[in-house]
Amino acid sequence: QGQSIYQYSVKSIHGPNRPLHAYSGRKMLFITLPVNRSPSADSLLRSIDSLGDAYEGVVKIIAVPSIEDGFTVAQRPQLRQWYRDFLDSSILITDGMRTRKSSGSQQHPLFKWLTKVEKNQHFNEDVNGPRMKFLVRASGELYAVFRARTKLSSQTLHMALQAP
């Protein structure tokens with residue numbers, strides 16, 4: 001028997017905890033963020049913001065900087081500013097999290113749910129870097145995982161976002 005995604009909460013990069021049950025009835029798209037600024041990283045943030053505009057009210061985007069990709073507490077203020085320069089306030093930016101299975105017991109409980117089939121009942125897919133995407137139905141079911149190479153503009157991703 002799997003567990004509900006709604007039992008988890010995430011800490012915002014701005015401080016407060018956000019319970020995921022607040023987004024019950026909405027699709028959620030979790031995407032791992034880059035932590036090193038580059039033209040391609042800026043472009044990704046612009047694409048996330050555009051996706052948020054296109055699906056506002058339908059999909060809650062939760063953007064996650066990963067500790068395994070280099071997030072540190074020391075760079076939190078700069079990252080918070082960089083992300084906010086591109087991302088609308090409707091996009092939830094979490095604090096840094098351990099996202100990979102290799103983190104063992106330190107992997108964030110949400111990412112244990114997203115990456116382990118015994119928890120989510122559908123996928124056993126590890127995070128392999130920034131731009132990893134996990135899509136959860138309004139019912140709380142994980143129904144799609146997209147690797148970094150799948151662009152946010154891809155037809156496959158948009159079809160998944162539009163699916164019931």
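Here is a walk through the fold, from the overall build down to one arginine.

This is a predicted model, in which local features need pLDDT of at least 70 and side-chain atom pairs count only at pLDDT 80 or more, while totals for chains, interfaces and linings use all residues. Residues are numbered from 1 along each chain as its sequence is written, and side-chain values use heavy atoms, leaving out hydrogens and water.

Let's start with the whole. The protein has five helices and seven strands, taken from DSSP runs (helices H or I, at least four residues; strands E, at least two) and numbered from the N terminus. Of the 164 residues, 49% count as buried, meaning under 20% relative accessible area with a 1.4 Å probe, protein chains only.

Next comes the sheet. Five strands make an open, mixed sheet in the order β5-β4-β3-β6-β7, where two strands pair if DSSP finds at least two bridges between them. Its edge strands are β5 and β7 (142-146), each pairing on one side only. Strand β6 (residues 133-136) pairs with β7 in the antiparallel sense over four bridges, and L135 stands opposite A144 in β7.

Now zoom in on R100, in the loop between β5 (92-93) and α3 (109-115). R100 is buried, with a relative accessible area of 12%. Its side chain makes a polar contact with that of D69 at 2.6 Å; such a contact is a pair of N or O atoms within 3.5 Å, and within protein one must be able to donate a hydrogen and the other to accept it, with residues adjacent in sequence counting only if both atoms are side-chain atoms.

Key:
Buried means under 20% relative accessible area, exposed over 50%, partly exposed in between (1.4 Å probe, protein chains only).
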